[in-house]
Amino acid sequence: MINVTVYRNNNQITMFELSGHADSGPYGYDLVCAGVSAVSFGAVNAVMELSEAELEIEQGDEGGYLCVTVPDQLDKAVSDKVQLLFEGMFISLETIEREYSKFVTIQSK
């Protein structure tokens with residue numbers, strides 16, 4: 001199962017962590033894993049390209065782990081972009097969770 005944990009402070013995303021494997025299909029054909037990966041990596045790439053924020057990114061060597069920390073000291077315009085893009089990512093991940101709750105779970109802290 002893929003576990004997604006979103007950490008917030010004052011309703012602002014400060015960090016998120018994805019861990020595990022969906023195992024919803026054979027390796028290379030796992031659509032749930034592909035969807036979660038595409039949504040999360042696409043959002044991280046968009047944040048880095050469009051906001052120029054310096055994210056702290058930690059990845060597992062063999063996949064199955066992604067941890068992204070949003071820097072504390074961002075100016076308001078950059079912070080607003082980062083938050084909007086990551087909120088969009090979580091809406092997409094929640095859509096995947098609704099359809100495939102056997103393979104994905106999301107929690108907020």
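With which residue does Lys76 form a salt bridge, and how far apart are the closest N and O atoms? In this predicted model, Lys76 pairs with Asp80, and the closest N and O atoms are 3.1 Å apart; a salt bridge is here a side-chain nitrogen of Lys or Arg within 4 Å of a carboxyl oxygen of Asp or Glu. Local features were required to have pLDDT of at least 70 and side-chain atom pairs pLDDT 80 or more, while totals for chains, interfaces and linings use all residues. Residues are numbered from 1 along each chain as its sequence is written, and side-chain values use heavy atoms, with hydrogens and water left out.

Lys76 and Asp80 both belong to helix 2, four residues apart, about one turn of the helix. Helices (H or I, at least four residues) and strands (E, at least two) are DSSP runs, numbered from the N terminus. Lys76 is exposed, at a relative accessible area of 62%, whereas Asp80 is partly exposed at 39%; buried denotes under 20% relative accessible area, exposed over 50%, and partly exposed the range in between (1.4 Å probe, protein chains only).

Glu87 is partly exposed at 27% relative accessibility, and Arg8 is partly exposed at 28%.

Arg8 also takes part in the strand pairing, with Ile13 in strand 2 as its bridge partner. Strand 1 and strand 2 run antiparallel and are joined by seven bridges, two strands being paired if DSSP finds at least two bridges between them. Asn9 has Gln12 of strand 2 as its bridge partner. The hairpin of these strands has two residues between them, and Asn10 there adopts a positive phi near 55 degrees. Strand 1 pairs with strand 5 in the parallel sense over five bridges, with Asn3 opposite Thr105 of strand 5.

The five strands form an open sheet of order 3-4-2-1-5 with mixed pairing. Strand 3 (56–59) and strand 5 stand at the edges with a single partner strand each, so one side of each is left without a neighbour in the sheet. Neighbouring strands of the sheet are turned by 15 degrees against each other on average, direction ignored. Helix 2 packs on this sheet, touching strand 1, strand 2, strand 4 and strand 5, and its direction makes about 40 degrees with that of strand 2. Axes are lines fitted to C-alpha atoms, for helices over the stretch in contact, and angles run from 0 to 180 degrees between N-to-C directions.

Within helix 2, Gln83 is buried at a relative accessible area of 9%. Leaving aside neighbours within four places in sequence, Gln83 is in contact (heavy atoms within 4.5 Å) with Gln12 and Ile13.

Not counting residues up to four places away in sequence, Val104 touches Met1, Ile2, Val32, Val36, Ile96 and Glu97.
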